[in-house]
Amino acid sequence: MQNCRAHPTIAPANTIANAIAVDTPVRAADLNPPPPIIDIGVNLAHDSFDADREAVIERAFGVGVTRMLITGSSLASTRAALELVRQRPLQLRCTAGVHPHHADDLQPAQFAELAELAQLPQCLAVGECGLDYYRNFAPRQAQLDAFRRQLELAVQVGKPVFLHERDAHADFRAVLGEFHGKLAGGVAHCFTGTHQQAQSYLELGLYLGITGWICDERRGVHLREVVRHIPAERLLIETDAPYLLPRDLRPRPSSRRNEPRYLPHVLQAVAAARGDTSAELAHITSANAQRLFGWHAGTALSAQPDRVELTDRRIPE
Ligand SMILES: [Zn+2]
């Protein structure tokens, strides 16, 4: 997996607004009707969306991205994500977590608040959490501690984990191994690793989230082979917007900001690499997201249990 924050260059909101009218349509939008798909990783609370967040959401709906799971990567972004979910309880949910870059921030008071937020019905997973030894913005021991605490939290609340790993595969695998059989599932988000790494995550029962990284003609080529060997029932798709704009959109968008409306493009790239049809893969990945996160279409928050039954969701040992 690569760090979604490896690509922080996001156009200012004012230039983004100007770019919208002339932007390219997504090819999958030509499918009629577009298959409903779920973006399982979108940083909708990011400030690059402050100027036009509603329009971003509407554009995603317009190409069949009917539901979005908003990534919480700090306490602040988790709170902001929860507020967005309250505004659109049918189409949005969020995760609650602290990214390894912010591991130092997870002091006891912050952890107590995170534990409260993670129990809310709007929150479907604990994370984004994990290890990032590429940037090492936080000391490794702090990352390991924050990661373990969030995995423990996920076990306590009986919700799956939304995982981030970069250049830390061995430690990441070892820590997850400590929790094997206890977690209510999880996804290795923005997976960009090798075939062997994919297999080791699959053995742990994880799903693998594929982003527009696969569209990258320089760094994503190996991933097109790797995804051929991932069982369809373990695949999820995500944009990680505003990061990781697919590099092969034509004509090129004038903004480098990614949006959830490009999820059909990611879907098509994954389907093409695997020899699946987009419609098939849309159906399978949506079913996977519903199963992992316990999020069924048309479910209003009031109809959801506050707690997920842990016994129904455990990965078999
Ligand atoms: Zn990430």
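Glu 128 counts as buried, at 0% relative accessibility; buried means under 20% relative accessible area, exposed over 50%, and partly exposed in between, with a 1.4 Å probe and protein chains only. Glu 128 is found in strand β4, residues 123–132. Helices (H or I, at least four residues) and strands (E, at least two) are DSSP runs, numbered from the N terminus. The bond between Gly 127 and Glu 128 is a cis peptide bond, with omega about 15 degrees.

This is a predicted model, in which local features need pLDDT of at least 70 and side-chain atom pairs count only at pLDDT 80 or more, while totals for chains, interfaces and linings use all residues. Residues are numbered from 1 along each chain as its sequence is written, and side-chain values use heavy atoms, with hydrogens and water left out.

The protein as a whole comes next. Its secondary structure comes to 11 helices and eight strands. Of its 317 residues, 60% are buried. Contact means heavy atoms within 4.5 Å. Among the contacts with a separation of 6 or more, 77% come from residues 24 or more positions apart.

Helix α2 spans residues 53–62, and its buried residues include Arg 53, Val 56, Ile 57, Arg 59 and Ala 60. Because these residues cover an arc of only 160 degrees around the axis, they are on the same side of α2; the arc is that of the directions from the helix axis to the C-beta atoms. An α-helix has 3.6 residues a turn, so residues three or four places apart point the same way. After α2 comes Gly 64, whose phi is positive, near 95 degrees.

Ile 57, in helix α2, has a relative accessible area of 0% and is buried. Leaving aside residues up to four places away in sequence, Ile 57 touches Leu 44, Met 68, Arg 88 and Leu 92. Ile 57 and Pro 260 are 203 residues apart in sequence, but their C-alpha atoms are 7.5 Å apart in space. Arg 261 is found in the loop between β8 and α9 and counts as buried, at 7% relative accessibility.

The nonpolar interior can be described through its cores. A nonpolar core is a set of buried Ala, Val, Leu, Ile, Met, Phe, Trp, Tyr and Cys residues joined through side-chain atoms within 4.5 Å. The largest one has 81 residues, and those with the most contacts inside it are Leu 44, Phe 147, Leu 151, Leu 163, Leu 176, Ile 210 and Ile 214. Helix α5, residues 140–157, gives the most to this core, with eight residues. A second, separate core has 13 residues, including Phe 162, Val 187, Ala 289 and Phe 293.

Helix α5 also packs against helix α4, residues 108–118. Two packed helices are described by the angle between their axes and the distance between the axes. The axes of α4 and α5 come within 10 Å and cross at roughly 35 degrees. Here, axes are lines fitted to C-alpha atoms, for helices over the stretch in contact, and angles run from 0 to 180 degrees between N-to-C directions. Phe 111, Leu 114, Ala 115 and Ala 118 in α4 meet Arg 149, Gln 150, Leu 153 and Val 157 in α5. These residues divide into six nonpolar, one polar and one charged; Ala, Val, Leu, Ile, Met, Phe, Trp, Tyr, Cys and Pro count as nonpolar, Asp, Glu, Lys and Arg as charged, and the others, Gly among them, as polar.

Some backbone angles remain. Most residues other than glycine have a negative phi, and most peptide bonds are trans. Asp 167 is not a glycine, yet has a positive phi of about 50 degrees. Asp 167 lies in the loop between β5 (161–166) and α6 (169–178) and is partly exposed, with a relative accessible area of 48%. Asp 240, also not a glycine, has a positive phi of about 55 degrees. Asp 240 lies in the loop between β8 and α9 and is buried, at 0% relative accessibility. Pro 242 has its place in the loop between β8 (235–237) and α9 (263–274), and a cis peptide bond joins Ala 241 and Pro 242, with omega about 10 degrees.
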